[in-house]
Amino acid sequence: MAFVSSDTSVTQTLSARAVKILIAGGFGVGKTTMVGSVSEIRPLRTEEMLSELSSGIDDLSGIEDKTTTTVALDFGRITLNPDLILYLFGTPGQERFWFMWDELAYEALGAVVLADTRRLESCFAAVDFFERRKIPFMVAVNCFDNAPIYESHELQEALGIDNEIPTVMCDVRRRDSSKQVLTTLLEYLISLTELTKASSPMDHQRN
Amino acid sequence: MKMENEVWFDEDAGPLVRPYAVARGRTRPTRHDLEMTTLVLSANTDRHVNVDREYAHILQMCRRPLSIAEVSATLNLPLVVVKVLLSDLIDWGLIIFRSPPRTSDVPRIELLQAVLDGIRKL
């Protein structure tokens with residue numbers, strides 16, 4: 001509780017702040033499972049109404065009106081300290097909505113792209129999305145039973161991503177494994193920020 | 001297919017009518033600085049307030065800081081509608097809010113380090 005009730009003379013402030021990390025990847029890859037394994041609350045679902053041009057997308061020939069679609073997002077919450085709350089948002093299953101939903105990626109600290117080696121191509125859209133939006137991301141390969149095991153460099157090559165981008169194996173059903181993924185992401189984000197700071201002190205100063 | 005002269009009442013009209021009725025048809029909040037990770041908290045006030053059910057519910061649940069996404073999930077209303085309702089409550093001085101830190105905030109590294117420390121302690 002951040003305030004004392006019944007004292008109206010004191011200017012009330014809200015000291016806590018929230019940050020977000022996106023968990024992306026293809027349908028059924030374990031996004032909500034990962035959110036649930038580290039969240040302090042049962043994953044919640046929020047919805048947004050997005051407008052899109054329906055023509056040519058759903059093949060509703062002749063209809064060119066804007067339609068409104070409801071898109072859902074599952075998320076969890078981790079209170080890191082009394083003043084800092086981390087929200088983990090699992091991106092909607094249908095990738096085309098990500099581009100319409102500007103707020104989704106806005107000010108995200110970074111992203112985890114979950115991949116399934118049995119159908120690696122299902123995470124290409126997520127990789128593409130974060131590369132275009134210049135949002136730092138890592139790849140976490142969720143190890144399903146009987147899934148082929150690959151080395152990091154093999155996965156990086158298959159995904160066409162830079163070998164600087166952390167690529168790890170994980171089991172998102174396990175809390176410690178999901179936690180390890182988030183730790184890897186944060187260490188990567190810190191290293192990127194330090195690099196930027198070192199390479200362009202002027203930019204940093206201006207910011 | 002659009003049927004002329006067709007009128008839908010109550011539940012036939014689907015679940016969207018109620019939230020939009022509460023928001024009085026507005027689909028854009030008066031404030032544009034509300035995001036899904038903006039935190040909101042009920043203002044500390046002794047003023048007696050008489051507000052619609054949805055507003056009262058928000059004030060009740062926001063006795064501790066919640067994100068707009070959590071308010072939306074709990075009320076089962078789309079984010080856009082919740083932002084309209086929260087805009088009203090902010091304008092009436094009944095809710096205070098804090099935006100998420102910006103990328104341009106200088107102590108970026110400290111923020112990331114605090115997130116990392118928190119995750120390690122889980």
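Strand β4 (residues 84-90) of chain A has six of its seven residues buried, so the strand is largely enclosed by the rest of the structure. The model is predicted, and the predictor gives the complex an ipTM of 0.84 and a pTM of 0.84. The contact between the chains takes 43 residues from chain A and 39 residues from chain B.

**Strands of chain A**

- Strand β4(A) pairs with strand β1 (residues 17-25) of chain A in the parallel sense, over seven bridges.
- Within this pairing, Val19(A) has Leu86(A) of β4(A) as its bridge partner.
- Strand β6 (residues 137-142) of chain A runs parallel to strand β7 (residues 167-170) of chain A, and four bridges join the two.
- In β7(A), Thr167(A) stands opposite Val139(A).
- Between β6(A) and β7(A) the chain passes through helix α5 (residues 152-159) of chain A, and this β-α-β crossover is right-handed.

**Thr91 of chain A**

- Thr91(A) lies in the loop between β4 and α2 (96-100) of chain A.
- Thr91(A) counts as buried because it has 25 C-beta neighbours inside 10 Å, where 20 or more are required.
- Leaving out residues up to four places away in sequence, Thr91(A) touches Leu22(A), Ile23(A), Ala24(A), Lys31(A), Trp98(A) and Leu104(A).
- Asp145(A) is 54 residues from Thr91(A) in sequence, and the two are 24 Å apart in space, C-alpha to C-alpha.

**The side of chain A that touches chain B**

- The contact draws on 43 residues of chain A and 39 residues of chain B.
- On the chain A side, β1, β2 (44-53), β3 (66-81), β4 and α6 (175-199) each supply at least two residues.
- Helix α6(A) gives the most to this side, with nine residues.

**Make-up of chain B**

- Chain B has five helices and three strands.
- Read from the N terminus on, the elements of chain B follow the order α-β-α-β-α-α-β-α.
- Of the 122 residues in chain B, 35% are buried.
- Among contacts in chain B between residues at least 6 apart in sequence, 75% join residues at least 24 apart.

**Helix α5 of chain B**

- Helix α5 (residues 108-120) of chain B has 13 residues and reaches 19 Å from its first C-alpha to its last, close to the 18 Å expected at 1.5 Å a residue.
- The buried residues in α5(B) are Arg108(B), Leu111(B), Leu112(B), Val115(B) and Ile119(B).
- These residues cover an arc of only 95 degrees around the axis, which means that they lie on the same side of α5(B).
- Glu110(B) and Arg120(B) are exposed on the other side of α5(B).

**Confidence in chain B**

- The average pLDDT of chain B is 83, and 77% of the residues score at least 70.
- Confidence in chain B is lowest in helix α1 (residues 17-22) of chain B, with a mean of 63.
- Confidence in chain B is highest in strand β2 (residues 66-67) of chain B, at 97.
- Where pLDDT is low, predicted coordinates should not be read in detail.

Key: Residues numbered from 1 in each chain as written. Chains lettered and ligands numbered in written order. Predicted model: local features only at pLDDT ≥ 70, side-chain atom pairs only at ≥ 80, totals over all residues. Buried ≥ 20, exposed ≤ 12 C-beta atoms within 10 Å, placed from the backbone. Pairing = 2+ DSSP bridges. pLDDT = per-residue confidence, 0-100. Expected span 1.5 Å × (residues − 1). Arc of directions from axis to C-beta. Right-handed = clockwise from strand over helix to strand, strands pointing away. Contact = placed C-beta atoms within 7 Å.
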